[in-house]
Amino acid sequence: MEMNLLRDWPAPAGPARLFFASDAARRAHACAPENGVPPSEIQRAALDSSRETSAYMQGNAVRILGIAFKVFDHYDDAAFKQACEAHLQRHDVYHTGFHYRDGDWASRTVAAHDIELSAESVDLAAPGSGGADFASVIDVRQPRIPEWDLFSFSALGIENAGADTANPEFTVAVCLDHLLTDGFSVFMIFEELMMFYEAFRAGRDPFDQLPESASYADYARRDTAYCARLTPDSPQVAEWERFKALHGGALPDFCFATGLNGPEDFAPGRMTTIPDFLSVAESEAFEAACAEAGGSLSAGFTAVAALIERLVRHSERFTICTPRSTRVSEAEHYSMGWFAHPVPLEFTIADSFAETVAAARKANKAARSMIGVPVYPAQKVVDPALSSMPPEMTSLSFIDTRLIPTFRDLSAHAFTVIGTRRNAKSVHYWVNRVGHGTNLNFMHPDTAEMSAGLTAFAGLFRAIVDEVIAHGDCNIAQERDRWQTIIDHYEAAPASAVCAA
């Protein structure tokens with residue numbers, strides 16, 4: 001599994017087929033009833049941010065979280081269209097669209113059978129050629145909030161998958177607004193589209209193979225009702241306020257300087273990826289060391305980030321925001337939607353890796369009580385005048401694709417998560433355990449200072465992991481001078497320490 005910004009993804013050039021909602025489907029939605037489906041709380045934050053008129057937010061009006069993958073089969077236009085429509089009709093998160101009215105978000109929900117796609121043929125230029133490449137076409141054509149149809153499906157490189165081609169291959173690109181999906185759901189899109197396409201090509205009915213899915217509308221109602229009961233005295237609200245107070249009323253930042261001048265400044269967004277950060281053998285050795293210390297692989301990577309924080313900013317405590325799933329049933333596990341939000345994580349940074357892993361494990365366990373209460377509704381309970389727009393934060397995510405319910409080799413299909421981020425203020429990073437090892441990925445402001453900081457961060461991350469693999473532990477206090485020499489070598493500026501002790 002790889003990660004890439006849409007503009008940097010090497011989309012195939014040449015003949016392609018692009019599928020958007022048909023005019024008939026759009027008319028059906030415009031006439032659909034208002035069934036009172038609310039946005040979930042994290043959807044509300046995204047919807048509210050779409051109304052912001054700042055240059056920063058307007059530059060991020062198209063907020064795609066999607067996927068691309070290869071299909072090793074002949075291209076069948078009818079089967080592909082049918083597969084995409086079946087996916088849209090199966091999951092009700094696609095059926096509801098939101099519009100702002102009388103100070104709140106109202107919704108219309110279209111009947112599943114009214115959702116259909118229409119196709120257009122295009123001839124795409126090669127990326128970077130200055131012509132109409134895939135990224136530029138999607139940037140113009142992709143629907144955006146408050147439109148309903150925040151999705152598109154594309155078949156690229158189809159000249160290599162003709163009926164007479166000996167070794168057929170084409171590429172699928174699915175572009176969704178983040179409003180409709182989270183980082184887990186994108187794997188389900190891949191699995192369902194592959195299953196549907198193969199079945200429809202063969203004339204089979206694929207629906208008897210599908211696990212039961214849940215209603216995102218039901219989840220949104222449950223989520224909204226739960227957060228509506230929050231008060232300033234609710235433990236989760238109090239915890240968010242305490243956590244924000246550690247950072248002067250804000251949320252955690254990155255340990256190296258971003259090069260931005262204050263909270264209103266921003267820079268172009270960039271994705272930096274290190275696809276083979278650790279080999280399979282190194283990943284397994286590090287995971288074994290984590291287990292020996294009583295923690296998971298996730299706790300181990302979090303502990304490494306914490307040790308870097310201590311080395312760079314001399315912090316005694318590590319704070320970060322990290323996403324957690326809000327799915328509570330097996331049916332929701334197989335449902336499309338945005339079932340996740342960041343939770344606050346805080347723990348003491350010890351001298352050694354082993355002790356810090358133990359602290360990270362306990363902090364992860366304690367953070368479970370925060371699942372279901374994002375910062376957005378919590379801060380409005382305290383001050384109703386505040387926007388639900390998500391505050392800037394540095395976040396750390398961990399995805400283990402070995403645990404994803406897919407029956408196919410993601411790497412064999414060149415599975416790539418694609419997205420857009422035209423403007424950026426914060427650093428978000430992902431440590432992903434994949435079939436061929438471990439990837440390290442950063443979404444960040446594109447500045448010279450940040451480039452130096454990420455190089456230093458990745459170098460320190462690798463040095464600590466290597467020490468743990470070689471010796472089973474890493475004690476940064478025992479060899480402080482050696483670690484300081486490593487830090488000085490990178491010539492990256494630490495960010496100012498804000499977190500209170």
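A charge is taken to sit over a ring if NZ of Lys or CZ of Arg is within 6 Å of the ring centre and within 35 degrees of the ring normal. In this predicted model, Lys425 lies over the face of Tyr56, at 4.5 Å from the ring centre, and the charged end of Arg51 is likewise placed over the ring of Tyr100, 3.6 Å from its centre.

Contacts between aromatic rings were examined next. A pair of aromatic rings is described by the distance of the centres and the angle of the planes. The count comes to 33 aromatic pairs, one of which is the edge-to-face pair of Trp9 and Phe134, with 6.0 Å from centre to centre and 75° between the planes. Because Trp9 belongs to the loop between β1 (2-5) and β2 (14-21) whereas Phe134 belongs to helix α5 (residues 134-141), this pair ties together parts that are 125 residues apart in sequence; both Trp9 and Phe134 are buried. A stacked pair is formed by Phe187 and Phe415, at 5.2 Å centre to centre and with 15° between the planes. Here Phe187 lies in helix α6 (residues 185-202) and Phe415 in the loop between β12 (395-400) and β13 (416-419), so the pair ties together parts that are 228 residues apart in sequence, and Phe187 and Phe415 are both buried. One aromatic cluster includes Phe254, Phe353, Tyr429, Phe442 and Phe457.

The largest nonpolar core has 135 residues, and those with the most contacts inside it are Phe151, Phe153, Phe353, Tyr429 and Phe457. When neighbours within four places in sequence are left aside, the residues in contact with Tyr429 include Phe254, Phe318, Ile320, Leu396, Phe442 and Phe457.

The structure holds 33 salt bridges. Within helix α4 (residues 77-90), Glu85 and Lys81 lie four residues apart, about one turn of the helix, and form a salt bridge whose closest N and O atoms are 2.8 Å apart; Glu85 is buried, with a relative accessible area of 12%, whereas Lys81 counts as partly exposed at 27%. The side chains of Glu346 and Arg317 also meet in a salt bridge (2.8 Å, N to O), which links strand β11 (residues 340-348) with strand β10 (residues 317-325), the two residues being 29 residues apart. Together with Glu239 and Arg242, Arg317 and Glu346 are linked in a network of salt bridges. A further salt bridge joins Glu467 and Arg482 (3.3 Å, N to O); since Glu467 lies in helix α14 (residues 448-471) and Arg482 in helix α15 (residues 480-490), the pair ties together parts that are 15 residues apart in sequence.

Definitions and conventions: Residues are numbered from 1 along each chain as its sequence is written. This is a predicted model: local features need pLDDT of at least 70, side-chain atom pairs count only at pLDDT 80 or more; totals for chains, interfaces and linings use all residues. Side-chain values use heavy atoms; hydrogens and water are left out. Rings of Phe, Tyr and Trp (its six-membered ring) pair if their centres lie within 6.5 Å; planes under 30 degrees apart count as stacked, over 60 as edge-to-face and the rest as tilted. Buried means under 20% relative accessible area, exposed over 50%, partly exposed in between (1.4 Å probe, protein chains only). A nonpolar core is a set of buried Ala, Val, Leu, Ile, Met, Phe, Trp, Tyr and Cys residues joined through side-chain atoms within 4.5 Å. Contact means heavy atoms within 4.5 Å. A salt bridge is a side-chain nitrogen of Lys or Arg within 4 Å of a carboxyl oxygen of Asp or Glu.
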